[in-house]
Amino acid sequence: MEFLVKADPELWQRIGVDVTRLSKMREILSQMYKNMFLNQEIRPEGMKYFDEIVSNIHTGRIKEIVEAKEEGRVVVGAFCVYIPEEIVVALDGICIGLCGGSQATVPDAERILPRSICPLVKSAYGFRISRVCPYFQVADFVAGETTCDSKKKTWEVLNRDIETYVMEIPPMKRETERELLFKEVVRFKEELEKRSGIKLDEERLLKGVRIINRKRKALQRLNSLRQHDVLPISGKDVLLIEQIAYYDDPERFATKVEELCDELEDRIAKGIGYGEKKPLRVMISGTPMAFPNFKLHNIVERLGAIIVNEESCIGTRYFKDLVEEKNNLTDQLYAIVDRSMKVHCAIFTPNEERIERILEEYKNSKADGLIYYSLTFCQTYLIEAVKVKQTCEREGIPFLMVESDYSPEDVGQLQTRVEAFLETLRG
Ligand code: SF4
Ligand code: SF4
């Protein structure tokens with residue numbers, strides 16, 4: 001089956017992309033996508049929309065965003081789920097995720113940043129300085145946060161190249177921090193009001209909350225369908241959808257995920273899926289896997305197991321909770337804060353809620369084992385692995401720790417370790 005990530009050199013030139021380099025990168029991406037995704041057996045028809053999205057990742061969606069900018073809409077590039085996209089949408093803006101998941105731009109970043117920081121940050125920074133990410137090129141400004149040290153110090157460097165707004169995220173979750181986060185959400189709202197020239201009122205915000213809640217609800221529904229004995233979709237495809245959630249139009253995305261869920265429910269009812277072959281079910285927990293980081297999913301699923309859950313910000317942490325609807329602006333802003341406070345990223349301390357949540361998701365997903373995934377040099381997730389491992393040992397959950405970056409160098413070694421882990425599960 002042919003697959004091509006489309007090119008639009010004229011558009012790329014207009015927004016300042018390095019056309020030669022992006023053209024080469026899209027050829028590599030086309031090949032990778034074709035090999036990883038299109039050869040899967042029993043793939044749902046509804047995945048065609050998401051294939052289209054990938055095919056148009058550097059063209060169609062960018063064109064839509066450029067047109068929106070021409071209408072005066074603000075485009076925000078976000079680096080963390082703590083950036084309140086409900087507010088961006090409420091003020092007619094577009095919020096796109098900019099975390100990097102590709103090795104291609106890591107060497108660019110390493111010419112300036114230290115090597116010993118995580119690849120997610122290096123990849124994103126490299127995309128900007130090498131001008132091969134059309135999303136970076138169309139963002140009016142980027143919004144980062146003070147979660148981990150790698151990120152907060154990189155924002156100072158990135159700010160030399162593109163205006164970088166920084167939101168303070170407190171590392172604890174007490175009442176004091178709730179108030180601090182509320183002030184930060186209000187400050188972000190004021191920044192966007194200034195840029196968009198629109199004043200946020202309760203009606204607008206409620207609309208933004210409903211749009212994003214609908215997107216999260218669709219993702220919740222999709223994830224719950226992986227809990228059936230008949231598995232109607234691969235983990236790779238779900239990860240792809242979770243990644244696309246960060247840059248597609250939120251309403252269209254929700255509609256397409258809902259349509260896919262209808263098809264998957266029908267498949268489950270008819271017994272069409274991976275259940276017949278009884279593959280091993282594996283849950284992943286850890287650092288986010290930004291597009292196009294499919295490395296671990298690809299290894300696990302090539303070895304015959306299926307991934308049934310991602311406890312990650314590109315995964316359940318993004319969609320497991322909705323923002324409660326309120327009838328006045330202040331309460332609604334607090335409701336946004338309260339949902340955010342339930343995102344159990346490893347940067348928080350203490351973080352018992354995350355451990356409890358992992359156990360709950362493990363039980364719900366009916367997984368046979370858990371792979372804890374951390375990007376190299378991600379201190380918080382690496383250290384938190386200690387507690388997750390102890391908990392798994394206590395609960396009798398088979399556990400494998402994987403630390404990796406985006407380079408292909410460790411694929412063979414990872415494959416051997418995952419294979420041995422799957423063997424113990426079979427045993
Ligand atoms: S893992 Fe932490 S820093 Fe990264 S997006 Fe999630 S909350 Fe933000
Ligand atoms: S993966 Fe870890 S080190 Fe990298 S940005 Fe996320 S929290 Fe920070």
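**View 1. Arg 226 in the loop between two helices of a predicted model.** In this predicted model, Arg 226 belongs to the loop that runs between H11 and H12. Because 25 C-beta neighbours lie inside 10 Å, Arg 226 counts as buried. Apart from residues up to four places away in sequence, Arg 226 touches Leu 231, Ile 233, Val 238, Val 308, Asn 309 and Ser 365. For orientation across the chain, the C-alpha atoms of Arg 226 and Val 157 are separated by 41 Å, while the two residues are 69 residues apart in sequence.

View 2. Helix H12, which covers residues 235-244, is mostly covered, with 10 of its 10 residues buried. The buried residues include Gly 235, Lys 236, Asp 237 and Glu 242, together with Val 238, Leu 239 and Leu 240. Among the elements that cover the buried residues of H12 are H2, helix H3 (47-55), helix H11 (202-224) and helix H13 (250-270). Helix H14 (295-302) and strand E6 (306-311) also take part in this cover.

**View 3. Helix H7, from its length to its end.** Just after H7, Arg 131 takes a positive phi of about 55 degrees.

**View 4. The shell around ligand 2.** Helix H7 (119-130), helix H9 (149-158) and helix H18 (379-395) each supply at least two residues of the shell around ligand 2. Among the residues around this ligand are Cys 118, Leu 120, Val 121, Thr 147, Cys 148, Ser 150 and Lys 151. Thr 287, Leu 375, Cys 378, Thr 380 and Tyr 381 also belong to the residues around ligand 2. Sorted by class, the shell holds seven nonpolar, four polar and one charged residues.

**View 5. The shell around ligand 1.** The residues around ligand 1 are Cys 80, Val 81, Tyr 82, Thr 147, Pro 288, Cys 313, Val 343, Cys 345 and Ile 347. By class, this shell divides into eight nonpolar, one polar and no charged residues.

**View 6. The largest nonpolar core, seen around Ala 78.** In soluble globular proteins, nonpolar side chains tend to be buried together. The largest nonpolar core of this model has 129 residues, and those with the most contacts inside the core are Ala 78, Ile 96, Leu 98, Val 257 and Val 282. Leaving out residues up to four places away in sequence, Ala 78 touches Ile 83, Glu 85, Cys 95, Ile 96, Gly 97, Leu 98 and Ala 143.

View 7. Most residues other than glycine have a negative phi, and most peptide bonds are trans. A cis peptide bond, with omega about -5 degrees, joins Phe 291 and Pro 292, and Pro 292 is found in the loop between strand E5 (281-286) and H14. The peptide bond from Thr 349 to Pro 350 is also cis, with omega near -15 degrees, and Pro 350 has its place in the loop between H16 and helix H17 (352-365). Phi of Asp 92 is near 65 degrees, a positive value, in the loop between helix H5 (85-90) and strand E2 (94-97). Phi of Phe 377 is likewise near 65 degrees, and Phe 377 lies in the loop between E7 and H18. Asp 92 counts as partly exposed because of its 16 C-beta neighbours inside 10 Å, and Phe 377 is partly exposed with 18 other C-beta atoms within 10 Å.

**View 8. Ala 335 in helix H16.** Ala 335 lies in helix H16, which comprises residues 329-340, and counts as partly exposed, with 18 C-beta neighbours inside 10 Å. Beyond its neighbours within four places in sequence, Ala 335 is in contact with Val 323, Glu 324 and Lys 326.

Technical notes
Residues are numbered from 1 along each chain as its sequence is written. Chains are lettered from A and ligands numbered from 1 in the order in which they are written. This is a predicted model: local features need pLDDT of at least 70, side-chain atom pairs count only at pLDDT 80 or more; totals for chains, interfaces and linings use all residues. A residue is near a molecule or strand if its C-beta atom, placed from the backbone, lies within 6 Å of it. Helices (H or I, at least four residues) and strands (E, at least two) are DSSP runs, numbered from the N terminus. Ala, Val, Leu, Ile, Met, Phe, Trp, Tyr, Cys and Pro count as nonpolar, Asp, Glu, Lys and Arg as charged, and the others, Gly among them, as polar. A residue is buried if 20 or more other C-beta atoms lie within 10 Å of its own, exposed if 12 or fewer, and partly exposed in between; C-beta atoms are placed from the backbone. Two residues are in contact if their C-beta atoms, placed from the backbone, lie within 7 Å. A nonpolar core is a set of buried Ala, Val, Leu, Ile, Met, Phe, Trp, Tyr and Cys residues joined through C-beta atoms within 7 Å.
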